Amino acid sequence: MKVTLLTGASSGIGEAWADRLAAEKHNLVLVARSENKLKQLCATFSQKYGVSAQYIVADLSQPNADLHIFEETEKRKLTVDCLINNAGIGTAGDFVQLDLASEQAMLYLNITALVSLTHRYLSQMRERNSGTVVNVASMAAFIPAPFMAAYAASKAFVKSFTEALAEENRPFNIRIMLLCPGATETRFFETAKINETEKKALLGQTTIQTPDMVADEAMRGMKGSKTVVVSGFGNRTMAKLTALVPNSLAARFIAKGARATLQKV
Ligand SMILES: NC(=O)c1ccc[n+]([C@@H]2O[C@H](COP(=O)([O-])OP(=O)(O)OC[C@H]3O[C@@H](n4cnc5c(N)ncnc54)[C@H](OP(=O)(O)O)[C@@H]3O)[C@@H](O)[C@H]2O)c1
């Protein structure tokens with residue numbers, strides 16, 4: 001059976017996206033750590049939309065989680081025709097004051113797990129000459145972000161990696177897409193331990209989207225042909241502007257706005 005495998009499906013953007021994929025008759029494999037939530041979502045989607053929805057519990061910040069997921073889909077005789085690497089977390093603060101183990105776990109989740117899952121399933125797509133891979137980056141992928149330094153760098157990796165893979169795979173009927181959401185009202189900020197004051201300092205006047213808005217744009221993007229899909233008109237404008245401003249200047253501007261709140265001297 002052909003399936004769409006979506007990581008980070010238990011909340012936020014992933015949950016809203018899973019709902020739309022199921023509504024459009026994708027059979028789903030949902031991945032996250034929260035088993036009860038995944039079980040509940042699978043029951044809802046199969047009942048509401050008549051699709052096959054199953055889940056795999058995995059902590060993608062742990063080595064070999066990608067192997068566990070791959071072996072499970074093989075055991076269940078599933079063909080992953082569409083892979084969506086959406087799971088990701090952020091951290092914020094003065095880099096040297098952040099917990100090193102948490103930074104490493106974030107980098108493993110945002111980068112290594114994404115690369116590993118892509119390698120495993122893209123290899124199969126190449127054998128079949130068909131498939132889709134969607135990776136989720138962020139507006140933070142476009143510029144260095146002081147006080148979210150490692151997070152922004154992880155998303156810059158995802159952007160560069162995905163844009164390169166899109167070209168490598170162009171001759172093989174494989175669609176590779178990058179989704180860049182801007183600030184979105186999800187558990188992201190709570191998980192990153194970013195309070196309201198810090199959020200304001202980091203985001204400035206940025207418009208905050210809902211997960212439903214981002215999921216709608218993601219679905220539209222998947223039906224289009226663009227490699228880089230930025231969610232939201234304001235974010236698209238900002239993405240174009242960042243190309244005109246040197247990174248060093250953009251970083252200085254962000255640091256200026258956030259330093260008083262996020263740097264404890
Ligand atoms: N919200 C924003 O402002 C924003 C902006 C730009 C980009 N993004 C990106 O959008 C993506 C989705 O985030 P979101 O905003 O929807 O946040 P969210 O509501 O916190 O969702 C994150 C998802 O990732 C899963 N996840 C977290 N750690 C995991 C781990 N170690 N192993 C497996 N799954 C894990 C979570 O499930 P469990 O906790 O159940 O494991 C959850 O399903 C992320 O890549 C994020 O970087 C978000």
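Tutor: We'll take the record, a strand pair, the salt bridges and a surface patch in turn.

Student: What should I know before I start?

Tutor: This is a predicted model, where local features need pLDDT of at least 70, side-chain atom pairs count only at pLDDT 80 or more, and totals for chains, interfaces and linings use all residues. Residues are numbered from 1 along each chain as its sequence is written, and side-chain values use heavy atoms, with hydrogens and water left out.

Student: Which residues does UniProt list for the ketoreductase domain?

Tutor: Residues 2-182, from an unreviewed entry. UniProt annotations may be inferred rather than shown by experiment. That span is 48% helix and 20% strand. Its end C-alpha atoms lie 31 Å apart.

Student: In what sense do strand 2 and strand 3 pair?

Tutor: Parallel, over five bridges, with strand 2 at residues 28-32 and strand 3 at 53-57. Pairing here needs at least two DSSP bridges. Helices (H or I, at least four residues) and strands (E, at least two) are DSSP runs, numbered from the N terminus.

Student: Which residue is the bridge partner of Val29?

Tutor: Gln54, in strand 3.

Student: New topic. How many salt bridges are there?

Tutor: The whole-structure search finds 13. The cut-off is a Lys or Arg side-chain nitrogen within 4 Å of an Asp or Glu carboxyl oxygen. One of them is Lys223 to Glu24, with the closest N and O atoms 2.8 Å apart. Lys223 is in helix 8 and Glu24 is in the loop between helix 1 and strand 2, so the pair ties together parts 199 residues apart in sequence.

Student: Is Lys223 buried or exposed?

Tutor: Exposed, at 58% relative accessibility. Glu24 is partly exposed at 40%. Buried means under 20% relative accessible area, exposed over 50%, partly exposed in between (1.4 Å probe, protein chains only).

Student: What does Glu72 pair with?

Tutor: Lys75, at 3.1 Å between the closest N and O atoms. Both lie in helix 3, three residues apart, about one turn of the helix. Glu72 is buried at 14%, whereas Lys75 is exposed at 63%.

Student: Last one. Which residues make the nonpolar surface patch?

Tutor: Met238, Leu241, Leu244, Val245 and Leu249, about 490 Å² in total. Patch members have over 30% relative accessible area and no salt bridge, with nonpolar side chains joined within 5 Å. Val245 sits in the loop between helix 9 and helix 10, and is partly exposed at 36%.

Note on methods:
Patch = residues over 30% accessible without salt bridge, like charges linked within 9 Å, V, L, I, M, F, W, Y side chains within 5 Å. Areas by Shrake-Rupley, 256 points an atom, 1.4 Å probe, with all protein chains shown as cover.
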